Structures are given as structure tokens and as C-alpha cells.
Amino acid sequence: MPGMFMATMEFKLSCRPVEDGITVIDLRGEVDAFTAPQVKQEMINQIEGGSTKLAVNLADVKYLDSTGLGVLIGGLKRTRDKEGELVLICPNVRIMRIFEITGLSRIFEMFQTEQEALTKLKG
Amino acid sequence: MEMTTVELKIPCQVEYIGVARLVILGVASRTLFSYDEIEDMRLAVGEACTSAIDRAASSGKPDSEITLSCRMGDDRLVIQVSDNIPLAAGAEPAPATADAGTEAGAEEDQGIGALLMEILVDEIQQDTRTGPGTSITMTKYIGR
């Protein structure tokens, strides 16, 4: 289906285990109602697999809508339920603005770099 | 004021939201809007489409359609996102996207989509009386 190809080629998800219980989820492209279910499922898989400290890397995300925000909020709740945490790596000003105008920048811990985010998770 | 119109009709399905956003990019790029203003409109339109898709799914009408109409003027872009999802008899019109979470976000994104639309465009109006379904009209002024 051409439309489906057009929408999916903009999105990529990959995971990098950093150390026991800590994983970085790299997102790339457009996170919307079409692609967000993949993010939700991956976060559930990671948390159920024992990675309860997640850093979601939004550095290469070009578009993020309310569905994507909802999935991140869900991830935050799920990690906290397991006494873990979820932090965001968000150096992109445009994406950061979406968190600010919705007030979600006060709920998430957000970092400019992966190193800062991992320091927080390891601490 | 003379306005040029571009229209697009898409299925009420999540995989086509990206197509609607591409149209906004193409249309708005022909105007004097800044990059940030165009991105604001793309996000607002994406939210309006997501809202329609949520309502289609919750109404059991996944074969509905979304019509995107973009009217370009000298100082503004007026975008109408309308659908043909019938309101249940006697139902009160629900605020856009605040009524149901998407499949993807479940309940966590309630209200965020409506909030984003309100913030990202200069004027927004929702109408459930003049068409078969719901129509969201958003206006963005250049440089405001």
C-alpha cells in the first residue's frame, strides 16, 4: 500500500541495553497515531523484560503528536509502577516546545544529552 | 479576499494522517508562513485527523472519510478538517479529541490533542450542524 509505505518510512525504533535494568529507546522520524503503538509495545516489552529504567531518545524525532505524548505518559506510569523511571533525551527545540505548551515538561525529566540522562538513571 | 483552495479526501485510518500532513506542508510552503508556523499547522491538522479517526472507531464507522480543505489567502490559511461520521441521535457534540484516547495512547492522551489545536492555531471552530459529521475549521494568520 503506497500510503502505508510513505508513512512508515519516516519512523524507526531501536533499543540499546546500557546496563542491567537500563535501556535507551531511540526513536527516529514521525511519532503519531500510526507509529506510536510500536513505541507503546516496545516500552511494555522492555519493562516486562526487567528494564524499568528507560531513556527515550527523541533527538531524531521530527514530529510528535498527542498520541505519542500519551504513549510516553503511559510509559512513565508503567516504569513508576515497577519503581523504575522514564526520562527523555530531547535536544530538539521544536519537540521540546510541544512538551512546554502542554505542560508536560513539568512531568517528565528531560535532558539535552544521553550522557546526562544516563547519569540520572544510574544515580 | 480571493482565496485559492486545495482539497484532499482520505480514509479515516491512522496510516493516512501523514498524507494530510504532507498536503499542509505543500500548501503552506507556497505562502509566507515561517517554518515554525507551518509545523504548528501540520500538528494541528494531525490532531484533527486523529480526533476524527478516534470518533470513527468509537462509532463503529471505520470506513468513514476525512476531507481536508485548505484555503489560502494573502494573510491567512484556513484549514477545514471535516468527516462524515454521524453523531449518535441526541448526542452532544464532543470536544475534539477530548472524548476518547486513540488506540495507541489508550487513555493517557485525553484532552492533549484538543489543547494542542487550541494553542497552535489563531482561531478554531468546531461545527456538528452543517454537515453529515463534524467539521473543525482552523485559521492561522501569517506572522501573528
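This is a predicted model: local features need pLDDT of at least 70, side-chain atom pairs count only at pLDDT 80 or more; totals for chains, interfaces and linings use all residues.
Residues are numbered from 1 along each chain as its sequence is written, chains are lettered from A and ligands numbered from 1 in the order in which they are written, and side-chain values use heavy atoms, with hydrogens and water left out.

**The whole chain**

Chain A has five helices and five strands, where helices (H or I, at least four residues) and strands (E, at least two) are DSSP runs numbered from the N terminus. Reading from the N terminus, the order is α-β-β-α-β-α-β-α-β-α. The radius of gyration of chain A is 14 Å, close to the 14 Å that the globule rule gives for 123 residues, so chain A is as compact as a globular protein of that length. That radius is taken over C-alpha atoms, and the rule is 2.2 Å times the number of residues to the power 0.38.

Buried residues make up 56% of the 123 residues in chain A; buried means under 20% relative accessible area, exposed over 50% and partly exposed in between (1.4 Å probe, protein chains only). Of the contacts (heavy atoms within 4.5 Å) in chain A between residues at least 6 apart in sequence, 67% join residues at least 24 apart.

| Residue | Relative accessible area | Some contacts beyond four places in sequence |
|---|---|---|
| Glu85(A) | 17%, buried | including Thr52(A), Lys53(A) and Lys120(A) |
| Leu88(A) | 0%, buried | including Val56(A), Leu72(A) and Phe99(A) |

Leu88(A) also touches Phe111(A); these two are 23 residues apart in sequence, with their C-alpha atoms 6.1 Å apart in space.

**Helix 4**

Which residues of helix 4 (residues 93–102) of chain A are buried? They are Arg94(A), Ile95(A), Met96(A), Ile98(A), Phe99(A) and Thr102(A).

As for the ends, Asn92(A) caps the N-terminal one, with a side-chain oxygen 2.8 Å from the backbone nitrogen of Arg94(A). After helix 4 of chain A comes Gly103(A), with a positive phi near 80°.

How values were computed:
A polar contact is a pair of N or O atoms within 3.5 Å; within protein, one must be able to donate a hydrogen and the other to accept it, and residues adjacent in sequence count only if both atoms are side-chain atoms.
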